[in-house]
Amino acid sequence: MNENTNSKIKEQLLRMISSGRMAGAVLFVGGSKESRKEIAMWLMEKVLCKDELSLRKFHHQNHEDFIYLTKPEDKETIVVSQIEELIDRLSLKPYGDTYGVLIEDFHLAREAAQNKLLKTLEEPQTESVIVLLSERLDAVLPTIKSRCLSFVLEEEAIEGRTEEEAAKAFTKAIKAKAAYYKKKEILMDILSDKDNSRERALEFLDILEEELEKELLKGEDTVLLSGAIRQAETSRAYLKQVHSVAYTLKQMCLRV
């Protein structure tokens with residue numbers, strides 16, 4: 001089943017989760033690589049995070065029941081041995097209620113690897129939600145497609161943000177305890193500006209600290225906001241010591 005907007009897809013999936021009728025296998029096709037990853041991580045969060053602890057683990061990328069798979073750096077494709085390891089993992093009881101599996105770039109999986117996954121999609125050994133991301137629909141075997149709830153994504157343009165807009169959006173994300181990938185997305189315009197990223201990052205951090213201090217004066221989330229201010233100060237110090245811009249900002253996304 002295809003939906004014409006990504007927001008409608010999320011609405012449908014939320015209804016399925018709320019009613020306890022979530023599909024065991026979901027295929028997201030098309031859009032940009034970033035939009036596929038964003039909606040898949042959003043779904044994994046909804047499936048796996050039942051309380052504050054599990055949400056925090058997921059945001060810090062150490063949730064016990066989340067399994068992420070993509071092609072090895074030294075390979076051109078997803079290989080059979082990776083699928084075999086996944087099947088072995090899924091034969092064990094999850095720590096919680098269910099496994100959340102994300103297989104990125106599934107269009108790079110050879111036919112043998114896709115066929116190896118087929119039985120797990122047909123007859124999962126444990127409770128799981130397996131999400132496949134593919135650039136193209138024709139790269140996925142018909143037998144795989146027939147066992148998945150499929151959505152074709154629209155490519156959603158991410159508009160560039162000024163440093164002030166990024167700081168305000170990042171402050172809201174901190175207060176909402178947003179996932180790492182959502183906070184990183186706010187900074188993508190700065191991170192992708194290779195010629196000016198350090199200057200822009202320093203300006204962003206200056207404005208961010210001002211925004212956080214404004215929120216702190218309201219007397220809410222004082223521990224959270226105080227910690228975020230300290231992290232902004234630490235990140236600024238690292239950047240002035242010529243640390244990597246990308247590494248510094250990504251670490252800040254993880255720690256606030």
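Predicted model: local features only at pLDDT ≥ 70, side-chain atom pairs only at ≥ 80, totals over all residues.
The largest share comes from α3, which supplies 4 residues.

## The pair α11 and α12

On the α11 side the contact is made by Gln231, Ala232, Ser235, Tyr238 and Leu239, and on the α12 side by Val245, Thr248, Met252 and Arg255. The residues of this contact divide into 5 nonpolar, 3 polar and 1 charged.

Leu187 sits in the loop between α8 and α9 (188-192). Its relative accessibility is 0%, so Leu187 counts as buried. Beyond its neighbours within four places in sequence, Leu187 is in contact with Phe170, Phe204, Leu249, Met252 and Cys253. One of these, Met252, also belongs to the α12 side of the contact with α11. Between Leu187 and Glu163 there are 8.9 Å in space, C-alpha to C-alpha, and the two are 24 residues apart in sequence.

Glu38 is a residue of helix α2 (residues 33-48). With 18% relative accessibility, Glu38 also counts as buried, because the class takes in values under 20%. Not counting residues up to four places away in sequence, Glu38 touches Lys10, Tyr181 and Glu185.

Most residues other than glycine have a negative phi. Gln61 has a positive value, with phi near 60°, and Asp105 likewise has a positive phi, near 55°. Gln61 is found in the loop between α3 and β2 (66-69), while Asp105 is found in the loop between β3 (99-103) and α5 (111-122). Gln61 is exposed, at a relative accessible area of 55%. Asp105, at 9%, is buried.

The relative accessible area of Ala109 is 8%, so the residue is buried. Apart from neighbours within four places in sequence, Ala109 is in contact with Ile78 and Gln114. Ala109 and Phe151 are 42 residues apart in sequence, and their C-alpha atoms are 19 Å apart in space.

Lys71 lies in the loop between β2 and α4 (80-90). Its relative accessible area of 26% makes Lys71 partly exposed. With neighbours within four places in sequence left aside, Lys71 is in contact with Glu76, Thr77, Ile78, Gln82 and Leu108. Lys71 and Ile103 are 32 residues apart in sequence and 9.0 Å apart in space, C-alpha to C-alpha.

## Accessibility in brief

The table collects the relative accessible area and class of the residues described above.

| Residue | Relative accessible area | Class |
|---|---|---|
| Leu187 | 0% | buried |
| Glu38 | 18% | buried |
| Gln61 | 55% | exposed |
| Asp105 | 9% | buried |
| Ala109 | 8% | buried |
| Lys71 | 26% | partly exposed |

Notes. Residues numbered from 1 in each chain as written. Heavy atoms only, no water. Helix = DSSP H or I, 4+ residues; strand = E, 2+ residues; numbered from the N terminus. Contact = heavy atoms within 4.5 Å. Nonpolar A, V, L, I, M, F, W, Y, C, P; charged D, E, K, R; others polar. Buried < 20%, exposed > 50% of the residue type's maximum accessible area, 1.4 Å probe, protein only.
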